[in-house]
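The tour below goes from one selection to the next.

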Amino acid sequence: MKKQVYLDHAATTSLSKEAFEDMKPYLMDKFGNASSLHALGIEAKKALMKSREQVAGVLGCRDKEIVFTASGTEANNLAIKGVAENNNYKGHIITSTIEHHAVLETIQYLETQGVAVTYLPVDRSGLVSTSDLVRSLRHDTFLVSIMYANNEIGTVQPISEIGGLIKKRQPNTLFHVDAVQAPGLLELNVEKLRCDLLSISGHKFYGPKGTGVLYVRRGTKLAPQIFGGGQEQGLRSGTENIPGIIGLARALVNAEKARVKEVIRLTKLRNWLISSISEKIPQAILTGHPGERLANNISFCFPGLEGEALVMRLSERGFACSAGSACATGSFASSHVLLALGLSRDAALGSLRVSLGQGTRLSDLEAFLPALAEEVEKLQSF
Ligand code: PLP
């Protein structure tokens with residue numbers, strides 16, 4: 001494989017050296033089960049407690065409010081299904097049309113169980129309207145689930161404002177935030193965000209794959225979705241993935257430490273690439289909000305070509321990025337997010353997402369720009 005310039009950090013990141021070093025002993029010598037009473041078990045339990053403390057420190061919550069899961073998807077499922085089941089599948093949920101499938105499909109399942117759902121539209125830049133949201137609140141709305149930042153277009157929702165509005169109108173309505181794209185890029189303090197439930201995933205911030213966290217505000221009632229040995233306060237049974245949890249915690253602490261400086265650096269790179277693409281490829285359509293967007297997200301549509309083909313050609317030239325549309329059973333489907341922005345199907349098919357990370361340098365983007373322009377021209381002239 002040709003060496004790749006990795007520009008797909010929203011899909012996943014590499015494991016950081018620090019996280020790996022912290023995990024290593026717990027993969028081999030310190031392999032105890034945190035439930036065992038002997039010395040190896042106690043060692044594992046101590047490491048689990050330390051990791052929980054570290055994660056709680058970053059989220060600004062109590063240790064007991066942290067539930068470790070095996071992915072962001074699982075954290076979203078536990079939050080949404082857990083609350084709905086506890087509500088006997090009665091009542092109403094508000095969400096947006098541009099959520100990740102881990103939220104959308106969970107909520108669509110709940111609809112089949114009798115839950116009423118309002119899917120809030122977004123404007124051309126991907127923002128939900130807070131007044132629409134307030135108008136949609138019903139006396140039986142038991143949950144609002146809105147993502148912090150969109151994984152395709154990078155638009156950042158006004159989460160603190162939304163949390164404040166919900167709590168002012170209807171303090172008993174729970175607020176869940178899918179914050180999987182946020183660590184290392186956005187504020188994660190749950191008091192500032194005014195949420196009751198928040199999901200993150202280790203592999204998006206240089207932690208290991210197969211790890212996640214659900215923050216559950218004290219007093220929030222959730223029905224567990226996995227039964228067994230009663231780990232994680234009975235909310236998520238299963239022997240804890242100690243090395244994974246250690247790696248996630250270390251990576252989260254590091255991401256938060258580096259955040260302010262890294263956001264300044266990435267924002268400059270992002271703005272350079274957005275304006276350079278707009279200048280060099282005049283028919284390119286920027287998707288997502290121009291300012292309220294993740295510091296690492298650049299997303300465009302190039303009408304008249306297929307995003308997947310562009311991604312493959314760029315890969316051959318040594319650049320790893322991603323298309324916003326997915327190829328399912330041989331037919332190209334447009335992304336629900338891009339269609340929700342009001343883009344035409346043709347434009348939505350030609351989407352490209354470039355997501356920057358710790359290793360990205362201006363020289364990478366300077367090399368990427370002419371390759372992109374050439375491949376877009378070739379594909380559009382087919
Ligand atoms: N939510 C968002 C916004 C995401 O971007 C992702 C992953 O792409 C997920 C949820 C799912 O997380 P995981 O890959 O850990 O299951």
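What covers the buried residues of helix 2? The cover includes helix 1 (17–27), strand 2 (66–69), helix 7 (190–193), strand 7 (197–201), strand 8 (212–216) and helix 8 (242–280). Helices (H or I, at least four residues) and strands (E, at least two) are DSSP runs, numbered from the N terminus.

This is a predicted model, in which local features need pLDDT of at least 70 and side-chain atom pairs count only at pLDDT 80 or more, while totals for chains, interfaces and linings use all residues. Residues are numbered from 1 along each chain as its sequence is written, and side-chain values use heavy atoms, with hydrogens and water left out.

**Helix 2**

Select residues 39–59. At 1.5 Å a residue, the 21 residues of helix 2 should span 30 Å, and the end C-alpha atoms are 30 Å apart, which agrees. The expected span is 1.5 Å times one less than the number of residues. Colour the buried residues (under 20% relative accessible area, 1.4 Å probe, protein chains only); among them are Gly 41, Ala 44, Ala 47, Leu 48, Ser 51 and Arg 52. Just after helix 2, Gly 60 takes a positive phi of about 70°.

**The nonpolar cores**

Next, select Tyr 148, Leu 198, Ile 277, Phe 302, Leu 352, Phe 368 and Leu 372, the residues with the most contacts inside the largest nonpolar core, which has 91 residues. Helix 8 gives the most to this core, with 13 residues. A nonpolar core is a set of buried Ala, Val, Leu, Ile, Met, Phe, Trp, Tyr and Cys residues joined through side-chain atoms within 4.5 Å.

**The ligand**

Now select the ligand. In the side chain of Thr 73, an N or O atom is 2.5 Å from a ligand oxygen atom.

**Ala 223**

Finally, select Ala 223, in the loop between strand 8 and helix 8. Is Ala 223 buried or exposed? Ala 223 is buried, with a relative accessible area of 11%. Ala 223 touches Leu 78, Gly 82, Glu 85 and Asn 86 (heavy atoms within 4.5 Å), not counting residues up to four places away in sequence. The C-alpha atoms of Ala 223 and Asn 86 are separated by 5.4 Å, although these residues are 137 residues apart along the chain.

How values were computed
Buried means under 20% relative accessible area, exposed over 50%, partly exposed in between (1.4 Å probe, protein chains only). A polar contact is a pair of N or O atoms within 3.5 Å; within protein, one must be able to donate a hydrogen and the other to accept it, and residues adjacent in sequence count only if both atoms are side-chain atoms.
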